[in-house]
Amino acid sequence: MADAPTPSSDASAPSGAVPAGPAAPVLDGYAHVYSGKVRDLYAPLDDAGAPRDDLLLLVASDRISAFDFVLDTPVPDKGEVLTRMSLWWFEQLADLVPNHVVSTDVPDAVRGRAVLVRRLEMLPVECVARAYLTGGGLREYRADGTVSGLTLPEGLTDGSRFPEPLFTPSTKAPEGQHDEPMSYAEVEAAVGPSLAARARDLTTRILARGNEIAQARGIIVADTKVEFGVEADELVLADEVLTPDSSRFWPADQWEPGHPQPSFDKEFVREWLLSRASGWDKASGEAPPSLPDDVLERTRAKYVEAYERLTGETFRPRGADR
Ligand code: PZK
């Protein structure tokens with residue numbers, strides 16, 4: 001679920017940590033700081049040409065990942081759709097939690113898909129909430145009847161809804177490695193009991209609010225990962241929020257517990273990659289092939305559909321090159 005950052009120039013980084021696919025753009029007036037799988041982070045330069053320590057530029061690319069690979073075919077407009085979806089969610093959540101957004105006035109090359117944000121001290125925890133049982137939560141439940149250490153009733157299955165969202169935090173693993181579950185006691189030890197309790201409360205409320213809004217519009221948000229910064233001892237919502245890259249989106253009309261649910265956004269990508277048509281063997285360890293145009297176009301349409309359903313607004317690209 002997470003996109004841990006990768007240093008922009010680290011000769012010692014394992015080659016697997018270097019994202020495949022289209023590279024981060026060079027931006028005049030900014031220093032490249034990090035690249036995650038599908039996003040890039042920059043620091044604006046001050047008048048002396050030094051990186052500022054109070055601001056960051058968060059750029060969402062059109063890159064898409066599947067089965068832990070970054071595909072070499074970008075999905076047109078994905079970065080802009082997800083950026084605008086996050087900005088819309090920040091507004092919907094503004095009465096619950098302050099956020100890091102400063103401005104959307106950004107360089108032309110990334111207009112529409114970049115946000116200038118306050119640079120914060122980040123909590124060293126991936127704050128995950130789950131409203132439905134699937135993925136890593138389902139694996140833990142099948143092994144010992146718990147999710148994040150909480151004992152749950154018997155008889156739950158893939159896709160079961162919880163009475164209320166559970167806080168299931170994890171470690172921030174380096175790029176290319178998977179986050180490990182953390183116990184709540186470990187979160188308390190890492191950030192102190194007060195910030196831990198506030199992070200748990202906010203993370204579960206963000207997902208509950210997200211589903212109140214999304215389910216009325218045909219989308220289930222099964223689970224989500226949020227990141228908090230700390231400013232004047234208060235939690236500030238950072239990063240992206242309630243996007244299909246940070247959350248599992250499911251089509252509500254197809255929800256049926258008992259089997260894996262189709263992904264709202266990546267269903268066509270996964271289906272094609274696993275089909276004979278792709279010629280790719282997931283077990284081979286090889287990078288997947290480029291996606292055909294019709295799969296790309298149908299996937300772009302799913303991101304736009306999610307944005308339009310949620311916000312009630314028609315997506316019109318405002319970005320670069322238009
Ligand atoms: C921060 N990331 C994840 C995002 C990447 C990596 N407001 C902030 N202050 C300090 N640090 C971060 C943020 C935010 N948001 C976010 N890593 C650090 C990330 C985008 C691209 F490569």
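**The ligand site and what lies behind it**

Tutor: A nitrogen atom of the ligand lies 2.8 Å from a backbone N or O atom of Arg118. The model is predicted, so local features are given at pLDDT of at least 70 and side-chain atom pairs at pLDDT 80 or more, while totals for chains, interfaces and linings take in all residues. Residues are numbered from 1 along each chain as its sequence is written, and side-chain values use heavy atoms, with hydrogens and water left out.

A polar backbone atom of Leu120 is 2.9 Å from a nitrogen atom of the ligand, and for a backbone N or O atom of Asp239 the distance is 3.0 Å. These are polar contacts, meaning pairs of N or O atoms within 3.5 Å; within protein, one atom must be able to donate a hydrogen and the other to accept it, and residues adjacent in sequence count only if both atoms are side-chain atoms. The ligand taken alone exposes 470 Å², and the protein buries 94% of that; such areas come from the Shrake-Rupley method with a 1.4 Å probe, and for residues only the protein chains shown count as cover.

The shell around the ligand has 17 residues, with Gly36, His100, Arg118, Leu120 and Asp239 coming nearest. By type, nine are nonpolar, three polar and five charged. Here Ala, Val, Leu, Ile, Met, Phe, Trp, Tyr, Cys and Pro count as nonpolar, Asp, Glu, Lys and Arg as charged, and the others, Gly among them, as polar. At least two shell residues each come from β2 (30–35), β3 (39–44), β4 (55–60) and β8 (114–118); β3 gives the most, with three. Strands (E, at least two residues) and helices (H or I, at least four) are DSSP runs, numbered from the N terminus.

Asp239 sits in the loop between β15 and β16, and its phi is near 60 degrees, a positive value in a residue other than glycine. Asp239 is buried, with a relative accessible area of 12%; buried means under 20%, exposed over 50% and partly exposed in between, with a 1.4 Å probe and protein chains only. The backbone oxygen of Asp239 is 3.2 Å from a polar side-chain atom of His100.

His100 belongs to the loop between α1 (78–92) and β7 (101–103). Its relative accessible area is 4%, so His100 counts as buried. Beyond residues up to four places away in sequence, His100 touches Leu58, Phe90, Leu116, Val117, Arg118, Leu120, Val236, Leu237, Ala238 and Asp239, where a contact means heavy atoms within 4.5 Å.

For contrast, Asp233 also has a positive phi, about 70 degrees, without being a glycine. Asp233 lies in the loop between β14 (219–231) and β15 and counts as exposed, at 54% relative accessibility.

Leu242 lies between β15 (234–238) and β16 (247–251) and counts as buried, at 0% relative accessibility. Apart from neighbours within four places in sequence, Leu242 is in contact with residues including Met85, Trp89, Leu93, Ile206 and Phe249. Leu93, on the same terms, is in contact with Ile206, Arg209, Leu237, Val241 and Leu242.

The largest nonpolar core has 57 residues, and those with the most contacts inside it are Trp89, Leu93, Ile206, Phe228, Leu237 and Val241. Helix α4 (residues 193–215) supplies the largest share of this core, eight residues. A second, separate core has 10 residues, including Leu27, Tyr42, Leu57 and Val106. Such a core is a set of buried Ala, Val, Leu, Ile, Met, Phe, Trp, Tyr and Cys residues joined through side-chain atoms within 4.5 Å. In soluble globular proteins, nonpolar side chains tend to be buried together.

To return to the site itself: His100, Arg118, Leu120 and Asp239 are among the residues that come nearest to the ligand, and Arg118, Leu120 and Asp239 are also among those that His100 touches.

Definitions and conventions. Near = heavy atom within 4 Å.
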